[in-house]
Amino acid sequence: MIYVVIAFLWVAICLYLILGGADFGAGIVELFSEKSYKKRTQKIMYNSIGPIWEANHMWLIIAIVILFVGFPKVYADVSNYLHIPLVIMLLGIIARGTSFTFRNYDAINDKWHNLYDVIFTYSSVVTPLFLGIIAGSIVSGSIDDNALSFQDAYIFSWLSWFNFSVGIFTVVICAFLASVYSIQTVKNEEDKVILRKRAKIYTALIFVAGALVFAVSLWKNIPLFSWITSEIYGYIAIAIASISIVLLLSALNKAKDSLLKVYAGIIVMMILFAASYSHFPNLVLFKDGSTLSLLKDYGAMSTINMLAWALLLGSIFILPFLFYLIYSFNQKQKI
């Protein structure tokens, strides 16, 4: 049953990165859109995140619950050493959610809407930035569980160039997802041309941000390349991601939008897999070389069994309604 729990954990993290990432990316794309096209971008992004706005944080909650219940040691250490970036990320989630609601449902269109726009767009950058910083901290060995000072334990456990580069990469991934996902929500061909151009730009930025991560990993002696290429699975993931990128760019050039979301999702999943598979079953890598393992540092087996059954039965009730929610939102008229 432990493998059932681990599978749900990976799926929850993956879906949160894809669906929540597209959600965060909506604000990023809006922030960096041309001033003359910003209002139109706002409407398009509002329409494009509709199918996932109501449900995307469910995956984050599921991941947190799995860690809290099934892997208390992992949950405790991550929450302890990384409590500062975690709080910033959670504040970002709250800020963008409330500002999004106020700016779309406030009946009076006054100067407060400018403030809502600022909070929404900038928190859309801050949130995935610190999500990436947290992910980088967990796998880079920057957490020092033998730290004797506040700075070493709670500041330098996450504040590093490598972790920051992973945060930037995460921001770019979110913008890429949002730019691709938004294309099918418009019917105006002029809008489609602009959105396809943006999607190509953010696809190119993935390579730039990825190169930055690799450059910083070499500078800081973090064996990222070895992690990805240690086994044949890494090469397979790279090949699948590369083929998906080629197919996505080809579809953008040929204005064939039907499979764009599929290609984008596969690209992100393969990136996540390539960066994490070599660590399995280790989830947290500490500075002294010790680790926290998903196959060793879990709770009582009775708890794991109950958690696995709860996840299996819960998915039977939740997933059909989630798919119906996405389907119903996708049926609304394009703008």
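## Reading a predicted fold, feature by feature

Pro281 sits in the loop between helix H13 (260-276) and strand S1 (282-285).

Q: Let's start with that loop, then. Which peptide bond there is cis?
A: Keep in mind that this is a predicted model. As a general idea, most residues other than glycine have a negative phi, and most peptide bonds are trans. Here, the bond from Phe280 to Pro281 is cis, and its omega is near 10°.

Q: Is Asn221 buried or exposed?
A: Asn221 counts as exposed, because its relative accessibility is 70% and the cut-off for exposed is over 50%.

Q: And where does Ala255 lie?
A: Ala255 is in the loop between H12 and H13. Its phi is positive too, at about 60°, although Ala255 is not a glycine. With 38% relative accessibility, Ala255 counts as partly exposed.

Q: On to helix packing. What describes two packed helices?
A: The angle between their axes and the distance between the axes. Take helix H10 (residues 189-219) and H12: their axes are 10 Å apart and the packing angle is about 160°. Angles over 145 degrees count as roughly antiparallel, so H10 and H12 are roughly antiparallel to each other. Their crossing is left-handed.

Q: Which residues make the contact between H10 and H12?
A: From H10 come Arg196, Ala199, Lys200, Thr203 and Phe207, and from H12 come Ile245, Leu248, Leu249, Leu252 and Asn253. Sorted by class, the contact of H10 with H12 has six nonpolar, two polar and two charged residues.

Q: At what angle do helix H1 (residues 2-31) and helix H6 (residues 83-105) cross?
A: Roughly 60°, with the two axes coming within 12 Å. That makes H1 oblique to H6. H1 passes H6 in a left-handed crossing.

Q: Which residues make that contact between H1 and H6?
A: H1 brings Tyr16, Asp23, Phe24, Gly27 and Glu30, while H6 brings Ile93, Arg96 and Arg103. The contact of H1 with H6 divides into three nonpolar, one polar and four charged residues.

Q: Now for the interior. Where do nonpolar side chains tend to be in soluble globular proteins?
A: In such proteins they tend to be buried together. In this model, the largest nonpolar core has 93 residues. Val5, Phe71, Phe176, Leu177, Val180, Leu248 and Val284 are the ones that touch the most other members. H1 gives the most to this core, with 16 residues. Leu248 is one of the H12 residues in the contact with H10, as we saw above.

Q: Let's zoom in on Val284. What is Val284 in contact with?
A: If you leave aside neighbours within four places in sequence, Val284 contacts Val74, Val78, Ile138, Ile143, Ser290, Thr291 and Leu292.

Conventions:
Residues numbered from 1 in each chain as written. Predicted model: local features only at pLDDT ≥ 70, side-chain atom pairs only at ≥ 80, totals over all residues. Heavy atoms only, no water. Axes fitted to C-alpha atoms, helices over the stretch in contact; angles between N-to-C directions. Helix = DSSP H or I, 4+ residues; strand = E, 2+ residues; numbered from the N terminus. Parallel < 35°, antiparallel > 145°, perpendicular 65-115°, else oblique. Left-handed = near helix turned anticlockwise from the far one by under 90°. Contact = heavy atoms within 4.5 Å. Nonpolar A, V, L, I, M, F, W, Y, C, P; charged D, E, K, R; others polar. Core = buried A, V, L, I, M, F, W, Y, C linked by side-chain atoms within 4.5 Å. Buried < 20%, exposed > 50% of the residue type's maximum accessible area, 1.4 Å probe, protein only.
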